[in-house]
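Here are my notes on the model you sent. Please read them alongside the coordinates.

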Amino acid sequence: MGFRFDLLLLVTTLVLLSTITPTVLSDLILSKVDRRIDLTSQIVRVTSTLKVENAGPDPVSEVLLTFPEIQAKDLAYLTATLNEGKGKVKNPGSNLLINVAKPEELPPSLIFHSVSLPKALGEGDSLTIDVFAVFTHALRPFPEEITQADIQLVLFQDTAHYLSPYAVKVQSLTVKLPKARIETYTKLENTNIHGSDIKYGPYENLPPFSYAPIAVHFETNQPFAVAQELVREIEISHWGNVQVTEHYSVVHQGAKSKGEFSRLDFQARPHLRGASALRNLVAKLPPRAHSIYYRDEIGNISTSNVWGDPKKTELLIEPRYPLFGGWRTTFTIGYGLPLQDFLFGLEGKRYLNFSFGSPINDLVTDNLIVKVVLPEGSNDISISTPFPVKQGQETKISHLDVAGRPVAVLEKTNVVPEHNQYFQVFYRFNKLSMLREPFMLISGFFILFVSCIVYMHVDMSISKSSASYLAKLQWDEVRATIQQVGSIISQCLSKHERLEASLHDLSRTGDVQACKTARKTADSLFKEYSKELKPLLSFLQSSPQATQILPKVEELVAKEKELQERLIAKHSTIVDCYEKKIGGRELENRVASHQQKVIALKQEVEDLLDYIEEI
Amino acid sequence: MAVTKTEPINGSTNKPSSSTVLLKSDLMSTLSLKSLKLKTKQQELLIRVSILCLVYVLAFITRLFSVLRYESMIHEFDPYFNYRTTLFLTEKGFYEFWNWFDSESWYPLGRIIGGTLYPGLMVTAAIMYWGLRFLRFAVHIREVCVLTAPFFASNTTLVAYFFGKEIWDTGAGLVAAVLIAICPGYISRSVAGSYDNEGVAIFALLLTFYLFVKAVNTGSLAWGLASAFGYFYMVSAWGGYVFIINLIPLYVLVLLITGRYSMRLYVAYNSMYVLGMLLAMQIRFVGFQHVQSGEHMAAMGVFFLMQGFYFLGWVKHLLGDKKKFEALLRIIVTCAVGVGAIALGVGTASGYISPWTGRFYSLLDPTYAKDHIPIIASVSEHQPTAWSSFMFDFHILLFLFPAGLYFCFKRLSDATIFIVMYGLTSMYFAGVMVRLILVATPAVCLISAIAVSATIKNLTTLLRTKSKVSQTGSTKGTSGGKGSSKSLPDQSQPFQRNGAIALLFGAFYLLSRYAIHCTWVTSEAYSSPSIVLAARGAHGNRVIFDDYREAYYWLRQNTPSDAKVMSWWDYGYQITAMGNRTVIVDNNTWNNTHIATVGRAMSSYEDEAYEIMRSLDVNYVLVVFGGVTGYSSDDINKFLWMVRIGGGVFPVIKEPDYLVNGEYRVDKGAAPKMLNCLMYKLSYYRFGELVTEYGKPPGYDRARGVEIGNKDIKLEHLEEAFTTSNWIVRIYKINPLRSSTRDVSSHPTQPPSHSNTCFQHRKLKLDHIQQSCNNSTSTTEGAFCIMISKHVFDYFPVGISSSLSSIFLKVVLYLSVEGHWTWRRREEGSLLKMGNKYYGECHEKSIHCLKPANKEASLERETDNERWAPPPQTWDLTSSAWAGLYFRSLLMGSDSICLTLQLGNRGMGPLSSLLKWNEVDLPSREEKLRNDSRQLLSAQ
């Protein structure tokens, strides 16, 4: 009701205004006004074509556009372009400069925007301007609460006469509605209805500030998806990726749902029961988007679909549950983009060229925050946007950052799809900084390994004279000695093998001399080995640490000695036999005892050796 | 060689020269690398280390199936609570966490989280998180939580290796590591996302045992103390520590009896027990149980026995005479037994030593829970284990286990005795309760590893020696060509050799089957995060039912933030964690009465249920229903447990009312009470109009395969608020009271004005609690601890986490201060147990009597037969709790309690009786002092 009351007040002031203050502003008149209001979606788009004529003597370079305060607060987007005759394609770059103006003597319930003309309008000259205005939250659900079975009705209020500080000669208004039921609409003179369009006018020769309130009450089952807050984070990695993360907090701002929600009805008759429910949203992502995800605070949401073609990537997301009026949900979508599509170089600087608004169709964003996370080490940051936004800067600490990454923050309220224009972030970045993080990782691992090596090789014991430390040292010595003993024994064993091999050769070639020399060399080697063993053994005997192991070592040495002797004996027997040409059975009889002993000893020696090696 | 000669002369006296000698000898040994033996030794080390590394990685990645197949998310029920608390810990810090009073669960009682949980897991995860953050890895806490269990599973394999090495040899250690890395019994609780206490606790358990065995083997004090710290970690992580504190004394006792007592054992046990006990007392949830609870008495008894043993040895040494000693021994033993028995008897009778808890009883007697405590029996993981699940979780280990026991008995040592006892006791417990298979798994793996390792070692040595002999035999054959002198073993050689090869292949076949089985079980059975259900569609594609999260998220977004949700207790943790709403009961089962009240509401008619729900201030009711999808673990199938638990406390609810000839049905033949109880109505509301399956009548329940019996369900006091897309979760909203004028006129409630001052005092008090204790309303607990700890900690300007020594100092101080306030603990205890107390005898037919009737639970009771009231001893607490609620609701402008009042004397918390209690049990001097000090504290 407050709204109504405001309107009334406004109307009365306007009426007063038009009577008291005559056209004091300038001598402009609007010779023709054509307005089209598009109400097919929750976003109200008004296109007005104004033919401006200068009736006074002075040249005029500004045209004032007027909105009542209640409408102005919903105004999201406003542009004016010069219309240079019919059939000409509009040049997007030819937008006229618009400023908020505050002319004196006029009531504060009217908000003025002044459009600067490219050149001043002389006496009698005329000009055509296209004004495009976008309003959000202008459609009010009425009734405000509906049940699941009800349809959603909304109310739209505006004026049939073009609100302007100038006199208007001829004007008309077309209201375009969705193809559905129209509950009621204000009937003035010259009101026609064509299908789903309502036409007001033409009205002629109206004074400045004329106002004729109209209200249209009609059915629309479009969900009113509003993102109360949207945070877009665009993170640049110079390794070739732009990562976009968007956190949405969406609410259905249509008529609030009341009463019970029946899943049965919703499933059985989805278009009658829950017609205005928000089932899904479609996001148009840039082409070549990859690794797309869709999740919320409690995990992944599995109801989404992606189609991709070279021109665009289309992402269809369904919330976890259908959103009825007043229901809300939050979610996050994220995707990666190839860097070369968005990052360019310019005069030694780099700049990111990225679109500003949400990629989701037909979504109104109440509060949009865009954060551009630049790589660590970027500096000299500047931002250029096609429309005014609040700018700020912060830092973000991510993987392996030391100082943190600079973040450019852009904030804007009341954002509509028309704001999806490109903005640029300029910055300087040294390519070498890219290598910083890999280098840190590498050096981290390097330090780890080096410290391991140092730890293994440095004696960390605190006291160098404690008993246990000395014992440990001694034990190390004993171990080293035993190892030496072991290696000598194993060398001996290999010599044994060689002796056996020489015997084998003998049986093939019958070369007795070679065999004898082999034995001699082996003999001398054995002597040398026993010489080497002596000091080791005496050390072991003297060392107190070795008492445990000593008998085993001694046994090993003794057994090995015996084995040597046996082998030599066997060797000489066989060689003797060959010399004496004793063969076959006889030889075998003689060798047999040696042979068995040798095998047994060998086994024992090897066992002992294994045992010692185990220590 | 000259160098080595000088060695014996200088080696022991001249250190520098000896070290040079060492260096040179080192050099020599490296130079003599050509020698094959040394090479194999190093190769073996290399192989061992790389096997361990591979096992470490394997144990980690085999647990990642769920992450790959679903997503990185938390599974099951309990982990959600753990996740929520970890989140709190990382956001608010340890101090806040420790004193956290959670008003979102157990409404209206609330829960003292800091004092009723094992913080080990959360602290571990938080430390890992902070560590990674410090190293600049910007991970999310969720990822840390999800991967905690696999990480600790990997660590467990390392411990298993060292343990195996300690009790047998390195081979057994390696096999044990491999077996435990993939054993399904362990994987079931440690897959990625199963963020539960057990994931960390099994590591701590095995570590404690390993360190203790090491201490016993070496007699080193350091290892004993290390095992005490391991025990501390275990106590902080899981209630299963009771197993350790009973198994180790038992083991010591066995060693004493078998005559294996040694100084090593003495040092190991005493150091471990004393320090372990002191450390364990620092965990608030455990507190003084080590000296007060019957479950911990065995350890203390053995401790004294040990001292006695030592003392006797000393006396024996002093006396020298055998006869005198025997006489003395007789006297001492009789005295000791007598004194011990008297102490135990007096302790138990006076209540200083608490009796065993129900869960403990049910371990000793598997049928106990079924008869006495339905709330324990209702949990599926507390059921006795079926053979199939043994087979499922152990596979070949089940057969290798006895073989391993054989090997252990063959080579009996202190360590093998330990592992044998661990294996046998845990196997028994695993048979009693399904979830305890987890505890048995490490023992089974270790013992089986011994079997595998010993068998393979025997077989391979057989093969190796035979091949050597045959080699020499062949050389001899060529030299002589004679075969008659072969000895006897040589004749059986080919058979033995082939047999060994066959057996080896058999063993490898079995092991490979084990690996295949484990992988299959892990991927199929243990890697689905029960919160997301997956099914195969008609075309073989995977269909995902994500209904739980759909419902929880709906609750989170579209209900008032102070809404209270009633559901069966299984879903409590998930609702608080994911739905972020207050619940009436949750998975923590400390208060049987509260759960029983919910069970009673669910099994009553709608009118009665409505009154109960109003008295509990419930706004939404959530039920899980599988009739559309055929999901069988829904509330209708759990319903009998609700009846049982509700009936266990409130005798108005009787199980036979819901059964027909002992049969549980939902179709036309069902019992009339069943067809009209709240649970039935909420589950099947408007289900009768739905066609679930082609060719079946509408209202066909696919989970139970019947057509439901009551298709025309009307709800009077509730309305459907939300149902998920597959109907698995249904949420109902409770209508506010419409026509309350009648009640008001019949029961005009006027709070007596003279008691208002008192009430004001309580209100003041509660405000302080709220300030200091994070909106605590129902209890004075926590606040006091805060006060003490604040006073203590204020003396130390350094932060809690500054240095180890200051922490230790604080711990000691905290302990000493807490000792002064043991009375506080008793108060807390009475509050905690309040739910299980027996409050009086209701007349059985009195519907409105909400009085619990679990007679065995308490000695305290109120003698009023008509109304519900807690015992007078707790009036002080209860009335302050309700007063707090009342005033809070007044402050916040909600009329929730006022509405309760309008129900007259039938509700749980009518203001008049609260005021009455308040008058009867006025705030004591202590209480006032406490309040004043709190006021001072908060003023600062």
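1. The model is predicted, so local features need pLDDT of at least 70 and side-chain atom pairs count only at pLDDT 80 or more, while totals for chains, interfaces and linings use all residues. Residues are numbered from 1 along each chain as its sequence is written, chains are lettered from A in the order in which they are written, and side-chain values use heavy atoms, without hydrogens and water.

2. Over all chains, a search of the whole structure finds zero disulfides (a disulfide being a pair of cysteine sulfur atoms within 2.5 Å). C492(A) is in no disulfide, and its nearest cysteine sulfur, that of C515(A), is 19 Å away. C445(B) is likewise in no disulfide; here the nearest cysteine sulfur belongs to C183(B), 4.0 Å away.

3. C492(A) counts as buried because its relative accessibility is 1% (buried is under 20% relative accessible area, exposed over 50%, partly exposed in between, with a 1.4 Å probe and protein chains only). C445(B) is buried, with a relative accessible area of 1%.

4. Chain A is assigned domain 1 (28–219), domain 2 (225–429) and domain 3 (468–614); such bounds come from an automatic or database domain assignment. The C-alpha centres of domain 2 and domain 3 of chain A are 82 Å apart.

5. I447(A) sits in helix α4 (residues 436–457) of chain A, helices being DSSP runs (H or I, at least four residues) numbered from the N terminus. With a relative accessible area of 55%, I447(A) is exposed.

Notes
Helices (H or I, at least four residues) and strands (E, at least two) are DSSP runs, numbered from the N terminus.
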